[in-house]
Every structure is written in structure tokens, then in C-alpha cells.
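Please study the sequence and the structure shown below, and then work through the exercises in order.

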Amino acid sequence: MGWLNDDVALVTGANSGIGLAVVRRFLAEGARGVGVLIRNAAQADSMYEEFGDKVVVTVGDVRSPESNAEAVDATVRTFGKLDTLVGNAGVWDHFASLRRYEGSTLKATFEEVFGVNVLGYMLAAHAAAPALRETRGSMIFTLSNASFYAGGGGPVYVASKHAGVGLVKQLAYELAPDIRVNAVAPGGTVTPLKGPQALGRENDRLSDIPGFAETVADAMALGFIARPEDHTGHYVLLASRVNSPATTATVLQSDCGWEIRGRPVRKKAQ
Ligand code: NAP
């Protein structure tokens, strides 16, 4: 018996990184099945190869209302209900600072990054709310250290992740008492998180930046860079009706202590 015995979830951006780790963990916690919304049709086979009939894949863009509706329908049709929405798909701006933008690139980058990171979460919430109301389920969104602090990206990404905090609070307010709405805010994590097409960075991965893992680990109070699976217990806790029935409008930080970044100099024992 796991913490999510017989539950059904829908995870967006589930083919890699944190989303994939959440799917694995939810199933390990006894979930009946997980619907996934991914944008790359070529990844569908590998999802079915790993999870078999425990997943149902919808291929689409999170910026499309139809794709979100289709993913909710496929999940409910296949597994009979929906208990948890995990809004997770995201793009990062590769630290693009304001002064680096020229011409219409800033507007295009804003539209793409906010489209995925903010509108994508809203559309998923809109599509999933009726099914979640029936089960008195919950929503969990993947936010970031960039939801609270500067420096985790450029102004577009950081603003988009700050917007996520407002979205969680407003949805928690509007959807109470039927649906709990919470978030997990990871810090720097080893994943292939990609950049926006508007900046020509759609194939550039966070994990391929030279020295990224070492630099992040060195800046963390806990002295290491997280792996996607290091965050998944928080999603399980927030999804669990038994273990967090009184928790809504909360963001659990899973960022190796970014708030207290840096470490004290340890004096050698005399
Ligand atoms: P990831 O492995 O690249 O996961 C992001 C997922 O979003 C991928 O599956 C990606 O699909 C999908 N995606 C992007 N745009 C999409 C779109 N328009 N429609 C549908 N799916 C789309 O990277 P990750 O780090 O696990 O990212 C997951 C979340 O964690 C994001 O919200 C990110 O902002 C957040 N986060 C990451 C870090 C970090 O350091 N990695 C830190 C804090 C927060 P493709 O695989 O096809 O590109």
C-alpha cells in the first residue's frame, strides 16, 4: 500500500526530468494510472514501453486548450477519474538578460515562456477542475527557486515563475473547498530543461551548460545539485488526501536551502 493507492493523476511535460520522475513515483506509490501530456509524439512509445497500460499518452502543446481538454478526457476515460493534476511542463530562458534582447525578440520570448509556464498551467487547471471537483482532488504545479528569488534565469523566466505563485494562491482561493492547490519549487536540478524557440535555444539543455552541476552544487547550502527524484516526495505528500488534507495555497521549497545560499566557514577543530 502506497500513499497514493488507487489514485489517478495527469502530469504535463512528463517525458523527462521532474515530470517523468513524478510519474515513476506516483505509480510506485500505488496509483491506478497516470495520464501524460507531452509535445513530442516520438516520446509516446518510450512512455508505453516503460509504463505499459499504467499510462495514457496525449500528444499536444500545453498552450492549446484543446490538448489540455483531450489529456483530461483521455485520463478519465482510461482510468475512470482524476485525483491529481501535476502542471509541470516548462521552458527556461537561459539567463537572457534584458540588455541582450533586440527587436521583437523580447516580446516573442515573453509570449513563448509565459505561454508555456503560466498559460499552460492555467489551461491545465481549467480543463481539469470539473473532474477534480468530483473527486475532491488537488492540483500541484512545478514552480522554482525563481518563484522567490532573482538570478535563477533572466527577467522573463523569473517573472513567469513568480506569476506561478499568484496562480497557486488565486486558484486555491477560487477552488476551495473542493480542490486543494499547491506547488513544489525545486532549485537547480540536473534535467534537460530547454530554452525558447524565440531565442533559438529550443535544443539547448540546462544540463549541457559546462560546469552547471558543479556551480549549482557549490552555491547550495546543502552542497549538492538535486536529481529529479529528490523532489518527488513533495508531490506525493501534497497529492495525498490522508497526509495533507489541510494543505492548500502552499509552496514546498525543494531547493537545497537556496534561501540561506552559501555555507558558513567551518572552523577546524582545535
Ligand atoms: P525537462 O526535463 O525539460 O521537462 C520539461 C518538460 O516540459 C519536457 O517534457 C518538455 O518537453 C515539456 N514542454 C516544454 N514546452 C512544452 C510545450 N509547449 N507543450 C508541452 N510540453 C512542453 O525539464 P525539468 O527541469 O524537469 O522541468 C520541469 C519543470 O521544472 C519546469 O516547469 C521547470 O521550470 C521547473 N524547474 C526546473 C529546474 C531545473 O533546474 N531543472 C529548477 C526549478 C524549476 P520536451 O522534452 O519535448 O522538450
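**Exercise 1.** How many Å separate an oxygen atom of the ligand from an N or O atom in the side chain of R39?

*Solution.* The distance at R39 is 2.7 Å. A polar contact is a pair of N or O atoms within 3.5 Å. At the side chain of T191, an N or O atom is 2.6 Å from an oxygen atom of the ligand. L193 takes part through a backbone N or O atom, 3.5 Å from an oxygen atom of the ligand. On its own the ligand has 880 Å² of accessible area, of which the protein covers 97% (Shrake-Rupley method, 1.4 Å probe).

The model is predicted: local features need pLDDT of at least 70, side-chain atom pairs count only at pLDDT 80 or more, and totals for chains, interfaces and linings use all residues. Residues are numbered from 1 along each chain as its sequence is written, and side-chain values use heavy atoms, with hydrogens and water left out.

**Exercise 2.** Which residues come nearest to the ligand?

*Solution.* Around the ligand there are 29 residues, each with a heavy atom within 4 Å of it. Those that come nearest are N15, S16, R39, Y157 and T191.

**Exercise 3.** Describe the aromatic pair of F148 and Y149.

*Solution.* The whole structure holds four aromatic pairs (ring centres within 6.5 Å; planes under 30 degrees apart are stacked, over 60 edge-to-face, the rest tilted). F148 and Y149 form a tilted pair, with 6.1 Å from centre to centre and 50° between the planes.

Conventions: A polar contact is a pair of N or O atoms within 3.5 Å; within protein, one must be able to donate a hydrogen and the other to accept it, and residues adjacent in sequence count only if both atoms are side-chain atoms. Rings of Phe, Tyr and Trp (its six-membered ring) pair if their centres lie within 6.5 Å; planes under 30 degrees apart count as stacked, over 60 as edge-to-face and the rest as tilted.
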